[in-house]
Amino acid sequence: MGSNLISLGERTIFMKKRQFSLLFLLFVAIIFLIHPTRYLPGPSLHSRNNPASPLLDAPVTWWKTATETIHDTEYQVTWQDKTYLPDLPSAYQAPNRAHDLRTYFLPQGIRVLPRTWSGNDASAVPWEIGLSLINLGYPEELQPLPFAKLVPADRRMEYQRGNISEWYVNDKRGLEHKIVIAAPPASNFRTPTNLILEMAMAGTLTSHLAKDGAIEFLTSGGDLALRLGELTVTDATGRTLPAFFAFAPLQSILSIHINITSAVYPINIVSLTTTPNWTAESDLPYAKFGRSVATAGDVNGDGYDDVIIGASEYDNGQPGEGRAFVFHGSAVGLSVTPNWTAESNQAFAYFGTSVSTAGDINADGYADVIVGAYTFDNSSPTNEGQAFAYYGSAAGLSTTPNWTGESDQTGFFGLSVDTAGDVNGDGYDDVIIGAPYFDNGQVNEGRAFLYYGSAAGLSATANWSVETNNVQAYFGSSVGTAGDVNGDGFADVIVSAYQYSNGQYNEGRAFVYHGSATGLSLIPNWTAEGDQFNAIFGSSAGTAGDVNGDGYADVIVGASNFDNGQGASGRAFVYHGSAAGLSTNANWTAQSDEVFASFASSSGTAGDVNGDGYDDVIIGSPNYSHNQAGEGRAYVYEGSANGLLALASWTTESDKIGALFGFSVGTAGDVNNDNYADIIVGAMHYDNGQPYEGRVFVYHGEADPPSVTSTPTSRVTVTATPTNPPGTIRVTPILTATSRSSPTPTRTPSQPTKTPDPRTPTRTPTQTPASLVQNQTNDTVLSSAETINYPFARFVAVTFLALSNLFWFRKRSH
């Protein structure tokens with residue numbers, strides 16, 4: 001695509017600086033060798049919260065810091081003598097491990113492709129997109145822009161081209177593009193009102209203008225690979241200028257049109273992407289991967305939350321046996337391939353119809369999981385259902401179930417499963433299981449069962465069970481922790497009966513039972529119902545976390561058939577907690593205003609996705625139709641001191657016909673340990689080569705964007721969705737913010753407390769769920785006077801890492 005306008009001398013100086021920095025690491029290793037390190041009080045090196053590191057004598061915190069420092073160097077801009085693109089012999093490039101991207105920098109612009117793919121064959125690059133800023137000016141007066149001079153510096157590549165400031169920054173957040181137009185272009189008109197920037201697009205992705213004004217880039221299979229949207233333009237005074245994207249597909253030109261009436265230069269342009277950070281799929285027809293999704297907690301105690309996904313109709317020897325998958329978190333997000341799987345080995349058991357973290361049921365410091373197979377048969381009766389618990393450890397989850405439970409009647413036991421939190425304050429998390437078709441005097445009245453945790457694991461028989469005594473109420477269709485709604489230090493639970501009739505047929509009802517030192521109450525402490533014919537109130541129910549930061553957990557209930565005037569569009573209801581328990585009337589509602597959208601058929605806490613100290617909620621609308629019928633949509637509503645905001649702060653869709661995106665939603669915990677909660681969305685009918693194989697999407701949380709008045713530079717964030725099966729790291733929108741230290745969120749305290757932290761979420765943790773339900777006083781700590789001297793281990797580690805990176809930098813790619 002032309003010369004790189006960089007001299008051999010400049011490249012030589014650049015690489016010598018690189019090598020010098022690596023030699024400096026060797027010098028640091030020698031310093032470490034000479035100088036022992038002193039540590040302040042903290043967890044034992046081999047305590048359950050700080051397992052042994054790869055260096056037996058070095059604490060995990062040091063090893064983690066060292067490896068993350070090395071990982072940071074992987075984002076630096078380097079010269080590549082042989083690229084992966086056949087038509088580009090050599091160029092500056094920057095790999096992005098977190099988002100599996102590789103960007104080549106040329107004077108004309110950038111070329112982005114996946115960092116890795118099967119075989120990494122240069123002749124089989126999965127996709128590529130090129131973006132080049134080519135023209136600037138006014139209608140009929142566009143002026144071509146010259147090629148830029150490239151100036152690399154660490155993870156940054158600056159494009160110097162006169163009146164326009166432009167640069168890219170490559171880091172774990174993605175590839176950040178910033179532009180500032182310092183002064184108005186020359187014009188033959190006295191008062192031009194419309195400023196235009198044109199970018200040429202090239203590559204193998206197809207593009208279209210979405211209904212919301214964003215530009216979407218799709219692979220040949222129709223998968224979303226890149227989305228540029230949320231366009232914001234401001235002038236020097238901070239005033240927002242009207243602007244929009246325009247797209248000319250025949251000319252492959254993307255343009256930004258800005259109304260500059262009375263604008264004060266410089267002008268700043270901001271555009272963000274909203275593609276997922278990670279996706280995975282089953283690659284098996286009709287597997288329905290994503291039928292259920294949830295945080296798994298931190299099952300291996302590495303400080304990163306993991307996720308669990310159910311594929312209820314996965315076949316692996318038996319039709320419809322089902323399978324559950326766990327993917328581990330890390331500094332760069334979730335693993336590409338599952339770290340653990342389990343299945344029922346029974347035809348049509350539908351194992352994985354429901355999945356959840358179980359909390360830490362044996363208080364060993366590792367999160368456990370629970371999986372439901374609602375039609376599992378254990379001799380007789382048929383379709384009784386069964387739930388399976390798997391315990392965590394330093395090596396991950398056990399390969400065989402540590403516990404199973406069943407109802408001993410055809411009740412679809414395990415159609416819903418969840419952690420209950422610690423309902424009796426004994427320091428062990430408990431689990432709750434629904435059997436909505438259970439009969440005990442009334443047909444399909446339903447029943448919920450709770451099992452206590454202990455040092456030995458879950459109890460063999462249910463410690464608590466209740467039912468509705470209402471015909472075909474399907475009590476137990478949704479079950480879960482409610483958090484601590486009254487602040488007494490004991491976790492509470494919520495159960496729904498979505499076809500409960502009490503004045504209106506199938507209006508639905510939700511029930512909350514308070515915890516105590518003796519366990520759950522036998523009669524509900526709170527109920528609410530739909531008060532509308534066939535509203536299906538309770539189609540989803542669970543904790544909302546603490547959306548208003550008052551120290552009491554709140555709950556969210558969905559009514560997917562609620563009629564808001566459009567016919568079965570759906571509505572979500574949030575009730576705030578208090579010392580007296582939940583509010584009688586809903587404190588907040590939201591709806592979709594689209595016929596048959598099934599809004600709130602799934603809902604729950606999102607955790608604190610923006611780190612403001614207030615929990616947020618996520619809601620699924622799987623039958624929502626926008627550009628494609630039944631593609632589905634997910635919504636996030638942010639919390640505040642006054643509760644949830646009226647409008648969704650984030651939405652996204654599948655862009656696939658009939659995908660049912662949002663059929664399952666929830667918090668993913670904090671999979672990359674950045675102190676922002678992440679979210680997970682399932683689309684169980686997503687097709688990508690196999691019908692109804694299903695796909696799951698994870699989106700990373702981050703700080704809210706700064707106000708437009710405080711951001712003088714513009715930004716266009718380039719993100720992508722690689723095609724590596726079965727799961728790949730994806731890119732999230734980049735937001736510049738000051739790092740904050742979030743308080744540790746918790747599902748439920750391991751010991752009763754009368755004064756919960758008002759900033760503490762009360763359901764699914766955003767960091768390490770398992771560690772939050774244990775007795776922290778049992779951890780062995782080091783005296784501040786103790787000195788740990790491990791010079792040899794440190795020297796070997798740092799030397800090895802430095803030398804390997806020196807070799808790594810000299811290769812054509814890293």
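Author: Contact here means heavy atoms within 4.5 Å. This is a predicted model, where local features need pLDDT of at least 70, side-chain atom pairs count only at pLDDT 80 or more, and totals for chains, interfaces and linings use all residues. Residues are numbered from 1 along each chain as its sequence is written, and side-chain values use heavy atoms, with hydrogens and water left out.

Reader: Is N300 buried or exposed?

Author: Happy to look at that one. N300 sits in the loop between strand 21 and strand 22 (strands are DSSP E runs of at least two residues, numbered from the N terminus). Leaving aside residues up to four places away in sequence, N300 touches D306, H328, Y366, S393, A394 and G396. With a relative accessible area of 11%, and buried meaning under 20% (1.4 Å probe, protein chains only), N300 is buried.

Reader: Which strands stand at the edges of the open sheet?

Author: The sheet has 4 strands in the order 21-22-23-24, with antiparallel pairing (two strands pair if DSSP finds at least two bridges between them). One side of each edge strand has no neighbour in the sheet because each has a single partner strand; these are strand 21 (289–297) and strand 24 (340–343).

Reader: How many residues apart in sequence are the parts that Y350 and Y374 tie together?

Author: Their rings form a stacked pair, 5.9 Å centre to centre with 20° between the planes (ring centres within 6.5 Å make a pair, and planes under 30 degrees apart count as stacked). Y350 lies in the loop between strand 24 and strand 25, and Y374 in the loop between strand 26 and strand 27, so the distance in sequence is 24 residues.

How values were computed:
Buried < 20%, exposed > 50% of the residue type's maximum accessible area, 1.4 Å probe, protein only. Phe/Tyr/Trp six-rings, centres within 6.5 Å; stacked < 30°, edge-to-face > 60°.
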